[in-house]
Amino acid sequence: MNFNEEINRIGTHCFKWDKMEQLFGVSPTDGLAMWTADSDYPTAPCVIEALRKAADHGVFGYSWEYPEYLAAVQWWMKTRHGWEVETNSILTSQGLGNAIALCIDVWSDPGDPIVIFSPVYHEFAIKIKKTGRRVVECPLARQGDTYVLDLEDAQSRLTGAEKILIWCSPQNPSGRVWTPEELRRVAEFAERNNLILISDEVHHDLVFPGNVFVPMDVAAPAQRNRTVTLTAASKTFNIAGQRTGNIIIPDPDLNAAMRQRLRTLDYGPASLSVAMIAAAYSPQGAEWVDAQIAHLDANRNLFDAGINAIPGVRSLPLQATYLAWVDFSGTGMSFAEIEARIRDQAKIAVSPGPSFGAGGESFVRVNLATSRARVAEAVARLQAAFSDLQ
Ligand SMILES: Cc1ncc(COP(=O)(O)O)c(C=O)c1O
């Protein structure tokens, strides 16, 4: 379990390092890739072992039904999140970006408004727009170092035509772990407005000590008939390239509608990814995740201490996720100036805050799922790039 191992990912079709120059103007040779949400360290040994075993078998023909996979998903949700998931409620998608698009497709029509709470994972709005739907953006309220719900404000933005609410829990990019009471209020809001509630819970495993993640389905069982939960091992085990996620739907009618769409599109998971995930969701995998959380906890403490020492800059304390959310508003600089300094002086590729919607204007998101040395290097570079601030 060496989370400080620095593996060269350049030239491996790696989105994070191989695309950074084209997308952000930062060269991978002397730059640091700290944007898209995957990790620089290898996955758990039990996952690699499962892949080796499958490769040794050598036959990769059609496969069908995956009881071990479904049992492993159920075991993980029960032991890690106190959530009993019925076998039949688990459907698989080609990752969660795909799942979000499928949900929009199945439960709304072109032109329909879809609700999101911002700042939030930018792909929610991108998928809504690309499928010809309309974004109804409800800002979260900033309260000191955190974000809270403002459902009265949200209600005032709805017209009654909305079909879906896409919710993020824990929240990317603020790192918020919502309380059961907040989740219930969101579910009741969805019910009041007759919305299908899509709860994207992909970041649910990487939660820092002192915080407890509760699945929407556990917090709000009364709204189970309208709740669709998205989960995946992709962030937790750094296997996003395997493109497999779960769409968990307890309601029989909603479940049948999604099952039918998946069948029509002839989507089934790749057998190798299923083998990897089944191995990940195990006691050995759990041990590895606990060690990863300890590594990320130390990374974020190092990062926050260094960044918060820069006058006018504030890294908000994360409750979950390895994605630091850093506010530059106290510097008084324009976003263009902030971006230019990070790109040209610090030579770090980060995710721009404005892409996460309203509330992200003065922020950047920095991915800390890397070695301790790289985090320290990023801190030193950012301190130097903003060293003129007093
Ligand atoms: C909240 C959230 N949902 C979905 C995804 C995408 O998941 P996938 O890689 O399974 O498509 C991400 C990736 O960053 C994410 O942060």
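Two strands pair if DSSP finds at least two bridges between them; strands (E, at least two residues) and helices (H or I, at least four) are DSSP runs numbered from the N terminus. This is a predicted model, in which local features need pLDDT of at least 70 and side-chain atom pairs count only at pLDDT 80 or more, while totals for chains, interfaces and linings use all residues. Residues are numbered from 1 along each chain as its sequence is written.

Start by colouring the domains, whose bounds come from an automatic or database domain assignment. Domain 1 covers 15-44 + 285-385 and domain 2 covers 48-283. Their C-alpha centres lie 25 Å apart. The contact between them (C-beta atoms, placed from the backbone, within 7 Å) takes 30 residues from domain 1 and 39 residues from domain 2. On the domain 1 side, helix H12 (283-307) and strand E12 (323-327) each give two or more residues; H12 supplies the largest share, 7 residues.

Strand E15 (residues 363-367) runs antiparallel to E12, joined by 5 bridges; tryptophan 325 has arginine 365 of E15 as its bridge partner. Strand E11 (residues 314-315) is also antiparallel to E12, with 2 bridges, and arginine 314 is partnered with aspartate 327 in E12.

Definitions and conventions. Two residues are in contact if their C-beta atoms, placed from the backbone, lie within 7 Å.
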